[in-house]
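Notebook open, and today I am looking up pockets and cores. I'll jot things down as I go.

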Amino acid sequence: MSEAWSLHPQLEEDTVSISDLPLSRLLLSKDASYPWLILVPRRAGAIEIIDLDRDDRALLMTEIGQASEALKDITGCDKLNVAALGNQVPQLHVHIIARRKGDFAWPRPVWGVAPALAYKAAELEAFLGALRRRTGLGETIVRIPADGT
């Protein structure tokens, strides 16, 4: 019997689930400092992109492109940072971060520059609504914690 896929606990804690795409779970980082999406392919045991078969790799690239286009359209950002690092969380996941010249970390990477800034509930709802409209995701599996973060 094959291993079942589940979301890594750190990703579960640090994100809001938006929706399941054909391959990946689409997440939003709870850090409002930077509009920040994360794609996690729903494949048990996947740590590296090369752990995906050829078809899943192609589908992941398509989903990265779709999420990137949506994030750029919604935010009007100056630059998109796309990375699959996995140094802290071994489960394969891809960060798509909207960057602006002059943001807290610009031009450095965002990790460890400043403590995470929680979304206000209304900001979170507005961002998720814009993302939903832009991607055509419709109803989502969003779970918003009671404190709005």
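Predicted model: local features only at pLDDT ≥ 70, side-chain atom pairs only at ≥ 80, totals over all residues.

How do the residues of the lining of the second largest pocket divide into nonpolar, polar and charged? I get 7 nonpolar, 4 polar and 2 charged.

I noted a volume of about 160 Å³ for the second largest pocket. Its lining has 13 residues, and Glu 3, Ser 6, Ala 44, Gly 45 and Gln 91 are the closest to the centre.

Next I went to the largest pocket, which comes out at about 540 Å³. I found 22 lining residues, with Asp 14, Trp 36, Gln 88, His 95 and Trp 111 nearest the centre. α1 gives the most, with 3 residues. By class I have 10 nonpolar, 9 polar and 3 charged residues in the lining of the largest pocket.

Then the cores. The largest nonpolar core holds 26 residues, and Ile 18, Leu 26, Leu 28, Leu 37, Leu 39, Leu 71 and Ile 96 have the most contacts inside it. Elements that each supply at least two of its residues include β1 (15-20), β2 (24-29), β5 (94-99) and α3 (121-135). I have α2 down as giving the most to this core, with 5 residues.

Leaving out residues up to four places away in sequence, Leu 71 touches Pro 35, Leu 37, Gly 76, Leu 80, Ile 96, Ile 97, Ala 98 and Phe 127.

Last entry: there is a second, separate core of 11 residues, and Leu 11, Leu 27, Trp 36 and Ala 105 are among them.

How values were computed. Residues numbered from 1 in each chain as written. Heavy atoms only, no water. 1 Å grid on protein atoms, 1.4 Å probe; cavity = no way out; pocket = protein on both sides within 12 Å on 5 of 7 lines; lining within 4 Å. Points joined across faces, edges and corners; volume = space filled by probe spheres on them. Helix = DSSP H or I, 4+ residues; strand = E, 2+ residues; numbered from the N terminus. Nonpolar A, V, L, I, M, F, W, Y, C, P; charged D, E, K, R; others polar. Core = buried A, V, L, I, M, F, W, Y, C linked by side-chain atoms within 4.5 Å. Buried < 20%, exposed > 50% of the residue type's maximum accessible area, 1.4 Å probe, protein only. Contact = heavy atoms within 4.5 Å.
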